Amino acid sequence: MIGAVLVRMLFPDLEKIMTAEDRGAGRSAPEPVDALVAEFRGFLGGERGLAPETVRCYGTHARAFLAWLPQPVDVALAELSAGLVTGYVVEYCRGRNVESAKAMVTALRSLLRFLHVTGRAPGPLVGAVPAVASWRLAGLPRRLSAGQVEALIEGCDTDTAVGVRDRALLVMLARLGLRTAEAAALQLGDVDWRSGQILIRGKGNRVERLPLPQAVGEALVEYLTRTRPACASRSVFLTVRGRPPRPLTAMAVRQIVARACERAGLPRLGAHRLRHTLASDLLRAGNSLPQVGQVLRHRSQLSTAIYAKVDTARLRGVARPWPGRR
């Protein structure tokens, strides 16, 4: 197809980008779905400039959709219809939460644009992807108590290399409100020990500096000097088992938080719960919403506005009296 040839001209090194997973272990040639997902990932990273974690997420959803289609996939794509796309979205969203559904439809729209541009789909089917019903600021950010946060951190076995690493990671998530991808992307040179600052590589390729809290610095020093594997990688957080050591991924960070929840006797929680907890604690300590937004590195004040709903001290001052009550 002309579109497919054009993408290959734009990305001559696409074959080199493909991971071992994309190529498939023990296969002489990739399966059609695997090859298409690899090409889509190369397009997202090279043409769109998306972050690796976003590329991974979009690729996962793309693979699920393409595998759901009747096989062979190239024939199914040539006959792809709006009804089939909508049917997949409805089937996927059944029983899933809003966040999961939103992530899927965003990835699917991106995939459909790619399929149309490369000539694999008969037309622009993005409009066939229904929106996920949700209302901004409808919910409340859920936080952990100070005791629960402490249980997560202190549940790590610091007599082991894994425990020291996990404790340093959890302290960073709790005290700095990092996203999992931000923690995974941390490099050794990002910590300025002299000035007491740490550089965070955030969403949208934004780079910002935050003060380095003493608790975070101490946990990092313990990990870097005691148990971090000696290797050429400049990533701060590395795998412990297996050689050579590899940088942790955002998924690995989420799994570390999940295991910490099990040790602390808590239900399995996302790493974002620590971010919500930090924001709520900052508000309770008297900080303003703009100040909280700075710490969390929000690009829009609307993202921080949801925390106004948990600022009970300030809400009490603007609450209207209940009708009939003196």
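Helices here are DSSP runs of H or I with at least four residues, strands are runs of E with at least two, and both are numbered from the N terminus. With that in hand, Pro-72 is found in the loop between α5 (52–68) and α6. The peptide bond from Gln-71 to Pro-72 is cis, with omega near 5°. Most residues other than glycine have a negative phi, and most peptide bonds are trans.

A word on the source. This is a predicted model, where local features need pLDDT of at least 70 and side-chain atom pairs count only at pLDDT 80 or more, while totals for chains, interfaces and linings use all residues. Residues are numbered from 1 along each chain as its sequence is written, and side-chain values use heavy atoms, with hydrogens and water left out.

Now the overall picture. The protein chain has 17 helices and three strands. Of its 326 residues, 40% are buried. Buried means under 20% relative accessible area, exposed means over 50%, and partly exposed is in between, using a 1.4 Å probe and protein chains only. Next, contacts, meaning heavy atoms within 4.5 Å. Take those between residues at least 6 apart in sequence: 59% join residues at least 24 apart.

Let's go to helix α4, residues 32–46. How far apart are its end C-alpha atoms? They are 21 Å apart, which agrees with the span that its 15 residues should have at 1.5 Å a residue. The expected span is 1.5 Å times one less than the number of residues. α4 is mostly covered, with 11 of its 15 residues buried. Among them are Val-33, Leu-36, Phe-40 and Arg-41. Phe-43 also lies in α4. Is Phe-43 buried or exposed? Phe-43 is buried, because its relative accessible area is 14%. Val-55 is 12 residues from Phe-43 in sequence, and the two are 9.3 Å apart in space, C-alpha to C-alpha.

On to helix α6, residues 73–78, where Val-75 has its place. Val-75 is partly exposed, with a relative accessible area of 40%. Its C-alpha atom is separated by 9.7 Å from that of Ala-121, 46 residues apart along the chain.

Next, a helix pair. Helix α9 (residues 146–154) and helix α10 (residues 161–176) have axes 8 Å apart and pack at an angle of about 155°. Axes are lines fitted to C-alpha atoms, for helices over the stretch in contact, and angles run from 0 to 180 degrees between N-to-C directions. Therefore α9 and α10 are roughly antiparallel to each other. The cut-offs: under 35 degrees is roughly parallel, over 145 roughly antiparallel, 65 to 115 roughly perpendicular, and the rest oblique. From α9, the contact includes Val-149 and Leu-152; from α10, it includes Leu-170 and Val-171. The contact residues divide into six nonpolar, no polar and four charged. Here Ala, Val, Leu, Ile, Met, Phe, Trp, Tyr, Cys and Pro count as nonpolar, Asp, Glu, Lys and Arg as charged, and the others, Gly among them, as polar.

Now the cores. A nonpolar core is a set of buried Ala, Val, Leu, Ile, Met, Phe, Trp, Tyr and Cys residues joined through side-chain atoms within 4.5 Å. The largest has 41 residues, and Met-172, Leu-173, Ile-198 and Phe-237 have the most contacts inside it. Which elements each supply at least two residues of this core? They are α9, α10, α11 (180–184), β2 (197–201), α12 and α13. The largest share, nine residues, comes from α10. Apart from this core lies another, of 32 residues, among them Val-55, Ala-62, Val-85 and Met-104. In soluble globular proteins, nonpolar side chains tend to be buried together.

Last stop, the loop between α12 (214–226) and α13 (250–263), where Thr-227 is found. Thr-227 is buried, with a relative accessible area of 15%. Leaving out residues up to four places away in sequence, Thr-227 touches Ala-161, Val-164, Arg-165 and Glu-222. Pro-244 also has its place in the loop between α12 and α13. Pro-244 is exposed, with a relative accessible area of 58%. The C-alpha atoms of Pro-244 and Ala-230 are separated by 9.7 Å, and the two are 14 residues apart along the chain.
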